[in-house]
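This report goes through one protein model, from a single helix residue to the core and the loops. Please look at the sequence and the structure before reading on.

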Amino acid sequence: MSEETQAKAAEASAPAAPQAASGPAQGSGSHANGPRPGGGPGGRGKFFRRKKVCKFCTEKIDAISYRDVRLLQQFVAERGKIVPRRLTGVCTTHQRRLTRAIKQARNIALLPFAARH
Ligand SMILES: [Zn+2]
């Protein structure tokens, strides 16, 4: 008699496993990206990037002549584009003069507008 009761009791007291459900793992894994593939900065990093001092300021060049092609070419990329200031380190004032000089030089065909294929 007592055996029966004990068996039933044991059955009832079996743990119902309350934590068995697969809870939603709240790990918002935001750190799983790691370094980006192929998103490197620079692109064509051919231009010098050190020495962030304006070349014209250091050399005390005040007026930039459009006829100074060799000078201008340092600030024109191979494709004929003007290299942005943050790459060359030229100050705003000189970059402006430089841009004007380059455009003038283009107009008289000293510099190419853009490279042709
Ligand atoms: Zn300058």
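## Starting point: Arg97

Arg97 is found in helix α5. Helices here are DSSP runs of H or I with at least four residues, strands are runs of E with at least two, and both are numbered from the N terminus. Arg97 is partly exposed because 18 other C-beta atoms lie within 10 Å. A residue is called buried if 20 or more other C-beta atoms lie within 10 Å of its own, exposed if 12 or fewer do, and partly exposed in between, with C-beta atoms placed from the backbone. The C-alpha atoms of Arg97 and Ala63 are separated by 7.4 Å, although the two residues are 34 residues apart along the chain.

## The model and its overall layout

This is a predicted model, in which local features need pLDDT of at least 70 and side-chain atom pairs count only at pLDDT 80 or more, while totals for chains, interfaces and linings use all residues. Residues are numbered from 1 along each chain as its sequence is written.

The protein has five helices and zero strands, in the pattern α-α-α-α-α along the sequence. Of its 117 residues, 10% count as buried. Two residues are in contact if their C-beta atoms, placed from the backbone, lie within 7 Å. Among contacts between residues at least 6 apart in sequence, 74% join residues at least 24 apart.

## Helix α5

Helix α5 covers residues 92-107, and its 16 residues should span 22 Å at 1.5 Å a residue; the end C-alpha atoms are 23 Å apart, which agrees. The expected span is 1.5 Å times one less than the number of residues in the helix.

Which residues of α5 are buried? They are His94, Gln95, Leu98, Ala101, Ile102 and Ala105. Seen down the axis of α5, the buried residues fall within an arc of 125°, so they line one face of the helix. The arc is that of the directions from the helix axis to the C-beta atoms. An α-helix has 3.6 residues a turn, so residues three or four places apart point the same way.

The buried residues of α5 pack against α2 (55-58), α3 and α4. On the other side of α5, Thr92, Thr93, Arg100 and Asn107 are exposed. Just after α5, Ala109 takes a positive phi of about 65°.

## The nonpolar core

A nonpolar core is a set of buried Ala, Val, Leu, Ile, Met, Phe, Trp, Tyr and Cys residues joined through C-beta atoms within 7 Å. The largest one has nine residues: Ile64, Tyr66, Leu72, Phe75, Val90, Leu98, Ala101, Ile102 and Ala105. The largest share of this core, four residues, comes from α5. In soluble globular proteins, nonpolar side chains tend to be buried together.

Ala101 is in contact with Ile64, Ser65, Tyr66 and Leu72, leaving aside neighbours within four places in sequence. Phe75 lies in the loop between α3 (69-72) and α4 (85-88). Why does Phe75 count as buried? Phe75 counts as buried because it has 23 C-beta neighbours inside 10 Å. With neighbours within four places in sequence left aside, Phe75 is in contact with Ile82, Val83, Thr88, Leu98 and Ile102. Phe75 and Thr99 are 24 residues apart in sequence, and their C-alpha atoms are 9.1 Å apart in space.

Val69 is in helix α3. Val69 is partly exposed, with 15 other C-beta atoms within 10 Å. Not counting residues up to four places away in sequence, Val69 touches Ala105, Leu110 and Leu111. The C-alpha atoms of Val69 and Ala101 are separated by 9.3 Å, and the two residues are 32 residues apart along the chain.

Ala77 is in the loop between α3 and α4. With 16 C-beta neighbours inside 10 Å, Ala77 counts as partly exposed. Ala77 and Ala114 are 37 residues apart along the chain, with their C-alpha atoms separated by 9.4 Å. Lys60 is found in the loop between α2 and α3. Lys60 counts as exposed because it has 6 C-beta neighbours inside 10 Å. The phi of Lys60 is near 60°, a positive value in a residue other than glycine.
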